[in-house]
Amino acid sequence: SVKRIENNTFNECTSLTEIKIPSSVDYIGDNAFNLCSSLTQIILPSSLKEIGNSAFQGCLLITEIEIPSTVTKIGSHAFQKCKKLTQIKLPPSLICICEYSFDECSSLEQITIPSSVTKIERYAFAGCSSLTQLEIPSSVTVIGMHAFSRCSMITEVKIPSSLQVIESRTFYSCSNLCKISIPPSVAKIEKEAFRDCSSLTCVSIPSSVTEIESCAFKGCSSL
């Protein structure tokens with residue numbers, strides 16, 4: 001029985017519309033279904049442990065996907081530019097949301113980040129312009145640059161008390177963000193972290209912050 005779907009197996013199979021992965025598969029390799037632009041449905045088996053880099057990148061017609069609780073790693077760019085994806089359930093064993101994982105998933109409305117996650121890498125959710133709710137668990141200690149940039153429908157963010165640095169352009173151009181809570185664990189706000197958050201009306205900066213870099217709040221025209 002098939003245990004692995006190796007790198008590039010179905011890369012650019014642009015007429016593929018549906019696939020059921022055997023229950024024996026525990027690994028989906030890099031670019032395995034990359035640019036399968038007609039794929040509308042995919043069922044991931046409960047045996048799956050790892051999803052490779054760019055595995056489903058550019059699968060433009062997939063609307064929802066459930067990732068089994070057995071998955072411990074989702075590679076970078078894994079679902080980048082899945083522009084019809086509206087919801088996704090992340091497994092409770094996930095530790096890191098890798099860079100560009102959901103970048104430009106412009107229809108994604110809801111995401112639940114499990115409490116096992118400690119790191120959200122750069123551009124992880126950049127350009128998720130339909131995302132309305134965002135809860136970052138207290139387990140998260142690192143949020144990379146541009147992680148939530150251009151998430152233009154988010155109105156409120158509570159930054160976890162485990163975070164020490166708000167990196168460059170983390171919330172850049174979140175144009176409907178009106179309320180932000182910065183915890184006393186934060187020591188540094190990097191450049192352009194909240195640039196062009198034009199609806200932001202109130203920011204409380206704790207005394208723990210010792211450095212605010214250039215343009216951190218530039219273009220916040222409601223402040």
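The exercises below, each with a worked solution, concern the predicted model shown above.

Residues are numbered from 1 along each chain as its sequence is written. Local features need pLDDT of at least 70, side-chain atom pairs count only at pLDDT 80 or more, totals for chains, interfaces and linings use all residues, and side-chain values use heavy atoms, with hydrogens and water left out.

**Exercise 1. Is Leu163 buried or exposed, and which residues does it contact?**

Step 1. Leu163 sits in the loop between β13 (156–158) and β14 (165–166).

Step 2. Buried means under 20% relative accessible area, exposed over 50%, and partly exposed in between, with a 1.4 Å probe and protein chains only. Leu163 has a relative accessible area of 2%, so this residue is buried.

Step 3. Contact means heavy atoms within 4.5 Å. With neighbours within four places in sequence left aside, Leu163 contacts Val140, Thr141, Val142, Ile143, Ser185 and Val186.

**Exercise 2. Classify the ring pair Tyr100 and Tyr123 and locate both residues.**

Step 1. Rings of Phe, Tyr and Trp (its six-membered ring) pair if their centres lie within 6.5 Å; planes under 30 degrees apart count as stacked, over 60 as edge-to-face and the rest as tilted. The structure holds ten such aromatic pairs.

Step 2. For Tyr100 and Tyr123 the centres are 4.7 Å apart and the planes at 5°, so the pair is stacked.

Step 3. Tyr100 belongs to the loop between β9 and β10 (110–112) and Tyr123 to the loop between β11 and β12, so the pair ties together parts 23 residues apart in sequence.

Step 4. Tyr100 is buried at 16% relative accessibility, and Tyr123 is buried at 19%.

**Exercise 3. Classify the ring pair Phe171 and Phe194.**

Step 1. The ring centres of Phe171 and Phe194 are 5.4 Å apart and the planes are at 5°, so this pair is stacked.

Step 2. Both Phe171 and Phe194 are buried.

How values were computed:
Helices (H or I, at least four residues) and strands (E, at least two) are DSSP runs, numbered from the N terminus.
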